[in-house]
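Dear colleague,

I am passing on a structure for you to look through, and my notes on one contact between two chains follow below it. Please read them with the model open beside you.

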Amino acid sequence: MQVGLVIGTATATIKHPSMNGWKLLVVQPYQSDGRTPDGEPVLAVDSLGAGCGDRALITSDGKGTRTLLKSDTTPVRWSVMGIADE
Amino acid sequence: MFVAKVTGSMVSTQKVASMVGHKLMIVEPYRIDSSDRTRLVNTGRTFVAVDTVGVGEGEFVLITQGSSARLTPETKNLPIDTVIVGIIDKVHVDGTNVFNREQ
Amino acid sequence: MRIGEVIGTVTLNRSHPSLVGASFKLAVPLTLSNLSGAAPILGEELVVYDALGTGIGSRIAISEGGEAAQPFRPDMKPVDAYNAAILDQINLDDSLNT
């Protein structure tokens, strides 16, 4: 699990059917200094209503994401599992 | 997946039983030259990959890594993480041919 | 998933039987500074399984690792990168882009 800053959203018309109706967030993980990006931003599905500027707890647990999306065949791995308090 | 060149094979007599009969190839990942995107360049890295296709030395191949390497009937029970899944014919970037097997 | 920009195609001469007829694209994962336009796209490309008919220049969602083969279940395909979506729009909050 990692904490990342929600920096944006992405929309897609043509996509794997398991993603229909799900919001895609662009989340940037940061290094311990809190300023240097740690790798590329990731796309995560969100059921909690995280928005730009939120610090989101994201997990790469594919099984958890498959349960969340109710799909055994979804290619999505990252999902938001929490939003950090202020 | 990534593009790699087969640079040799590896022979190992002493190996885990499940690997008997599987051909091991030495492969070197290549990447598109990021400055002008007109050619493939060597990354300097090297891997050992199981061959499911029947490749020869010097060929450019497509490599799958990680747990997905076990997602073939031939490799599902093997202790492997790198597999050759295809022989590359052509690589096109921005409409330009950067690799052609025939040339 | 990472965001990638499609820059090319890879054609196979011969492949594992499970990949016959598959379409493969070359995509470069995009960094935050690529997305904001502050830096040229120089990342290392990867070969992505594409079932969506994606054109060159499109931005896509790249699923990697074991999840990339999940859509084929219960069939097995040795795929470790899969185009999950063609992105129409990426809306970045510019005030956070530091």
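**Where chain C meets chain A**

Arg2(C) and Glu40(A) join their side chains in a salt bridge, at 2.9 Å from N to O, the term standing for a side-chain nitrogen of Lys or Arg within 4 Å of a carboxyl oxygen of Asp or Glu. Across the interface of chain C and chain A, the rule finds three salt bridges.

This is a predicted model, in which local features need pLDDT of at least 70 and side-chain atom pairs count only at pLDDT 80 or more, while totals for chains, interfaces and linings use all residues. Residues are numbered from 1 along each chain as its sequence is written, chains are lettered from A and ligands numbered from 1 in the order in which they are written, and side-chain values use heavy atoms, with hydrogens and water left out.

As for the extent of the contact (heavy atoms within 4.5 Å), 28 residues come from chain C and 33 residues from chain A. Together the two chains bury about 2600 Å², 58% of it on carbon and sulfur atoms; buried area is the accessible area (1.4 Å probe) that two parts lose on being put together, summed over both.

Strand S1 (residues 2-15) of chain A runs antiparallel to S5(C), and seven bridges join them, where strands (E, at least two residues) are DSSP runs numbered from the N terminus and two strands pair if DSSP finds at least two bridges between them. Within S5(C), Ala85(C) stands opposite Lys15(A).

Best wishes

Methods. Helix = DSSP H or I, 4+ residues; strand = E, 2+ residues; numbered from the N terminus.
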